[in-house]
Amino acid sequence: MIRWHNNVSQCFTIGNGTRQGGVLSPWLFARYLRDLLSQVVTSRVGCNMGGMFVNILAYADDIVLLAPSWRGLQYLLNIVVQESKAIDMSLNARKSVCIVFTPRDRSKVVMTTFPSLCADSETLQFVLSFRYLGHVRDYKQ
């Protein structure tokens, strides 16, 4: 049953999870990932965006990791892989990609090519463009 404020629903059964797009899916997924998200957030590796420290964005079953360096991103990936194993989940390397955002101040560019990033020994692909939640982000050289 579901309790909402002082109201309680009738009893119902849930067979195997919830349907994609179901109203409970994002909430339940967030609770399932709570420890994973906490480990990434408390890693102290991330980006300063408008005065706020950010290193992970999670919505439903989409996750974005943000790091200021290749080494930082590999560190966050290692945390995600380790915590995923703890909850019997895996990262799909074929659906995971990496993109480099160039700083507005071009004098701050240190490198233009990077070593491969790996998630549990699987290499992730670098891309110049990707779509996240309906928005397209392009790499500008």
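This is a predicted model: local features need pLDDT of at least 70, side-chain atom pairs count only at pLDDT 80 or more; totals for chains, interfaces and linings use all residues.

User: OK, core first. Which residues touch the most other members of the largest nonpolar core?
Analyst: Leu-36, Val-40, Ile-56, Leu-65, Leu-76 and Leu-124, out of 18 residues in that core. A nonpolar core here is a set of buried Ala, Val, Leu, Ile, Met, Phe, Trp, Tyr and Cys residues joined through side-chain atoms within 4.5 Å. Buried is under 20% relative accessible area, exposed is over 50%, and partly exposed is in between, using a 1.4 Å probe and protein chains only.

User: And which elements give two or more residues to it?
Analyst: Helix H2 (34-41), helix H3 (70-86) and strand S8 (117-119). H3 gives the largest share, 6 residues. Helices (H or I, at least four residues) and strands (E, at least two) are DSSP runs, numbered from the N terminus.

User: What is Ile-56 in contact with, leaving aside neighbours within four places in sequence?
Analyst: Ile-56 is in contact with Leu-36, Leu-37, Val-40, Val-41, Ile-63, Val-64 and Leu-65. Contact means heavy atoms within 4.5 Å. There's also a second, separate core of 5 residues, with Cys-47, Val-54, Val-64 and Tyr-132 among them.

User: Switching to the sheet. What's the strand order?
Analyst: S7-S9-S8, an open sheet of 3 strands with mixed pairing. Strand S7 (97-98) and S8 are the edge strands, each pairing on one side only. Two strands pair if DSSP finds at least two bridges between them.

User: Which way does each pair run, parallel or antiparallel?
Analyst: S8 and strand S9 (residues 122-126) are antiparallel over 3 bridges, whereas S7 and S9 are parallel over 2 bridges.

User: How many residues sit between S8 and S9 in the hairpin?
Analyst: There are 2 residues between them, and Asp-120 in the turn has a positive phi of about 55 degrees.

User: Where does H3 go relative to those strands?
Analyst: H3 lies across S8 and S9, running at about 5 degrees to S8. Axes are lines fitted to C-alpha atoms, for helices over the stretch in contact, and angles run from 0 to 180 degrees between N-to-C directions.

User: Then there's Gln-74 in H3. Buried or exposed?
Analyst: Gln-74 is buried, at 12% relative accessible area. Leaving aside its neighbours within four places in sequence, Gln-74 is in contact with Ser-116, Leu-117 and Cys-118.

User: Cysteines next. How many disulfides are there?
Analyst: The structure holds 0 disulfides, counting a disulfide as a pair of cysteine sulfur atoms within 2.5 Å.

User: How many aromatic pairs turn up?
Analyst: A search of the whole structure finds 1. The rings of Phe-114 and Phe-126 have centres 6.3 Å apart and planes at 15 degrees, so the pair is stacked. Rings of Phe, Tyr and Trp (its six-membered ring) pair if their centres lie within 6.5 Å; planes under 30 degrees apart count as stacked, over 60 as edge-to-face and the rest as tilted.

User: Where do those two sit?
Analyst: Phe-114 is in the loop between S7 and S8 and Phe-126 is in strand S9, so the pair ties together parts 12 residues apart in sequence. Phe-114 is partly exposed at 28% relative accessible area, and Phe-126 is partly exposed at 33%.

User: Last one: what is Tyr-32 in contact with, beyond its neighbours within four places in sequence?
Analyst: Tyr-32 is in contact with Ile-87, Asp-88 and Met-89. Tyr-32 lies in helix H1 (residues 25-32) and is partly exposed at 42% relative accessibility. Tyr-32 and Ile-87 are 55 residues apart in sequence but 8.0 Å apart in space, C-alpha to C-alpha.

Terms used. Residues are numbered from 1 along each chain as its sequence is written. Side-chain values use heavy atoms; hydrogens and water are left out.
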